[in-house]
Amino acid sequence: MAKPFFRLQKFLRRTQFLLFFLTAAYLMAGSLLLLQRSRLVIQQGTRGTSNIQVSPVSDMVIGVGILDTRTMQNPRLSSKLLVDMDVLHDPTSDQRYGPRWLISRNSELRQLRRRWFHRFINEQEPMQATGSKVTQHTGENKGTYVGCFSDDSREKTLKGAVFYDLRKMTVSHCQEACAERAYTYAGLEYGAECYCGNKLPIMIAKQEECNNECKGEKGSICGGVNRLSVYRVEELRAGAKRRRNVIYRGCFKAPENLTVTFPASLIQSNLTVEMCSEFCSKKEFPLAIIGRPECYCGYPTMHFTLHDSVDRLFCSRLQNVSSMAEVPREENYYHVYQTPVQDTRCTDRIFLTTKSKVFVALSSFPGAGNTWARHLIEHATGYYTGSYYFDGTLYNKGFKGEKDHWRSRRTICVKTHESGKREIEMFDSAILLIRNPYKSLMAEFNRKCAGHLGYATDRNWKSKEWPDFVNSYASWWASHVLDWLKYGKHLFVIHYEDLKQNLIPKLKEMVEFLNMTVTEDRLLCVENNRDGNFKRSGARQKDFEPFTQEMKDLINSYILTVDEALKRRNLTGLPREYVPR
C-alpha cells in the first residue's frame, strides 16, 4: 500500500513543478507578445511621420538638474550651499522630487506630443480631390482665383512673406494677410502654408493637382504638394490699412551713388509717403527712401546700413528746397520708411543636406530668448534649428525643425532647456544663452499664462501661482547655468542683453562658433527682420513690482553664485544690470 502512495506523491511533485514551469513560460510569452503588438502599433502610427519624436517621459524636463524641493523650501539658501550640493547634479533625485511646476510642464509636453501624434496620423489619410472641392475656389473668398501653379522649392516666386498654420489656415486668412502687406498675389500650399508676392509663378499645373484641403476650412482647396492655389488680391488692398504697416526708420545721409545703391526710383512733384511706399511695395523692396520729389527703393546694404541716423531736422530742412539739384551731394539727407514688404534676402531656409558631425545645443533657461535666438540663427545661416520639444505654435511660425527628430542632425543646432549630466553630455558643444533672471522669470510666467506672445493678467500676478513659480524656477535658472558650466564640453556663452544691444557683432560670433560663414548683406537682412513674429502682443502688465523682498533676496543669491562661477571659468561675468536690486 505504501509503495503506490509513494509513486503517487512523486508524480504530484513532478506535476507541480511542471505546472509552475508552464505557467511561467505562458506569462513570459504573453508579455513578449504584448510588447511586440505595442511596438507594431507605434510603428504603424509613426510610419510617414518619422520626424516625430517619441521619447520616454524620463527624458523630458521633469526635474532634471533642479534642486530638491525640500531644499527650495528654504528661500534663504546660501550661494555656497547651492554650488556644493550634490543633489544639484543627481538626475535620479531630481526626477523623484521635481517641483510641482515642472511636473505641470511635463504634463503639458506629454499632451502636446499626443496632440501632434494624432494630428499627423490624421494628415496621412488620403484626401479625395472631388470636382466639387476644386470648384470652391471663388465661392466664399474675396480674391479672384487665378489658377494652380507649380512651386519651385529652390527659387520661390511668391516669397514676399510666408505664413504657416497647421490648424486654422483658410483662403481668406491668407488673402487678408497678403493684401494687408500690399502684395498682389496670395498662394496657398500643402493646405497650411501661405505665400505672398507681386509676380505670378511661371509654371501652370493641372487643376486636379491642387487637391489639399485647407486645415481650417473644410471644402476649400489650399494648394497641394509643391502646388500653389494662387489668388489675386489687389482689389482687397484698397480696404487694407497699408499706412499702419509703414514704419519710419529715421533720417539718413545719402550714399555716394544713389542709382547703384537703390535699384528702383521714382520722381514725382507731388510725392507723398503713401505713394513712395506703394511704389516700393509693388517692386518688393522693404525700404522706401524719400527726398521730395525723389523716391528710391532698396535694401539695407554695406553702403546704406541704417546704423547712423541723424536729427530729423536735416531732412526737414531739405524739403523746402525746390530741387534737390540745388543741394550739394554731400549734404543730401533722406527720410527712410520700412514698407510692409518683408526683406526676403535671408528668409530661405533648408535642412542640412548631410548629417552634422558636431551635435550643437542652443541651451537656455525658459524665457531667456531661445526662440528669438533661433530666429536669428536660422535667418543668418539659412538652415533650420531643431528642438528637444515639439511646439506646434512655433512650427506654425516657420520653425520647421520643430517637426524633425531632435537627434536627426539635420539642423544647425538644437533648442533645449535641459540640465543635468546625462542630458548635457549628449551634445558635442553648446551655445549657452543667459538672461537676467528677473526678466526670464517674468517672460516664462507670461508664456505659461498667455502663450508665446501674450501677457499674464493682473489676477495671475497676484495669485498664489506667482510666488510658487518663483520659488521653483529661480533655483532652476541658477542650476541650469552651473550644470552647463560643469558638464558642457565646448561652450560659447552669450548674454541676451549683449545680443540685443550689439546684434550684428554678437550674431557673427555665434555663426562662427557654428562653423558657418555669412555675408554682411545677409546679416543686415537679419537685422532688418530682427523681431520676426516674436514681439508680445496684447496689453502689457501694469507698472508694479511683482517681486517681494523675500523673492529678491533669493534671486540675488543665485545671481552672485552664477557670476562667480562664470569668472572662475575665465568667462565674462554677468552684465551690470543683473546686479542685485
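This is a predicted model: local features need pLDDT of at least 70, side-chain atom pairs count only at pLDDT 80 or more; totals for chains, interfaces and linings use all residues.
Which residues point one way from E3 and which the other way, and are they buried or exposed?

**Entry on strand E3.** I looked up the side chains of E3 and noted that Tyr 185, Gly 187 and Glu 189 point one way while Ala 186 and Leu 188 point the other way, and that all are buried. In a regular strand the side chains alternate between the two faces of the sheet. I then checked the cover of the strand as a whole: E3 spans residues 185-189 and is mostly covered, with five of its five residues buried.

**Entry on the partners of E3.** I followed the bridges to strand E4 (residues 193-197), which runs antiparallel to E3 and is joined to E3 by five bridges. In this pairing I found Glu 193 of E4 as the bridge partner of Glu 189. The two strands form a hairpin with three residues between them, and I wrote down that Tyr 190 in the turn has a positive phi of about 60°. I next turned to strand E7 (residues 227-232), which pairs with E3 over four bridges, again in the antiparallel sense. Here Val 230 in E7 is the bridge partner of Gly 187.

**Entry on the parallel sheet.** I traced an open sheet of five strands, in the order E14-E15-E13-E16-E17, and noted that the pairing is parallel. Strand E14 (386-387) and strand E17 (491-495) stand at the edges with a single partner strand each, so one side of each is left without a neighbour in the sheet. Within the sheet I looked at strand E13 (residues 360-364) and strand E15 (residues 414-416), which pair in the parallel sense over three bridges, and I found Ser 363 standing opposite Thr 416 in E15. Helix H16 (residues 465-487) packs on this sheet, where it touches E13, E15, strand E16 (429-434) and E17, and its direction makes about 150° with that of E16.

**Entry on a surface patch.** I noted a nonpolar patch on the surface formed by Leu 19, Phe 21 and Leu 22, which together have about 320 Å² of accessible area. Leu 22 lies in helix H1 (residues 2-46), and I recorded Leu 22 as partly exposed because its relative accessible area is 46%.

**Entry on the whole protein.** I counted 20 helices and 17 strands in the protein, and buried residues make up 51% of its 581 residues. Of the contacts with a separation of 6 or more, 77% come from residues 24 or more positions apart. The protein exposes about 29,500 Å², of which carbon and sulfur atoms supply 52%.

Technical notes: Residues are numbered from 1 along each chain as its sequence is written. Side-chain values use heavy atoms; hydrogens and water are left out. Buried means under 20% relative accessible area, exposed over 50%, partly exposed in between (1.4 Å probe, protein chains only). Two strands pair if DSSP finds at least two bridges between them. Contact means heavy atoms within 4.5 Å. Axes are lines fitted to C-alpha atoms, for helices over the stretch in contact, and angles run from 0 to 180 degrees between N-to-C directions. Patches are made of residues with over 30% relative accessible area and no salt bridge: like charges are joined within 9 Å, nonpolar side chains (Val, Leu, Ile, Met, Phe, Trp, Tyr) within 5 Å. Accessible areas come from the Shrake-Rupley method with a 1.4 Å probe; for residues, only the protein chains shown count as cover. A salt bridge is a side-chain nitrogen of Lys or Arg within 4 Å of a carboxyl oxygen of Asp or Glu.
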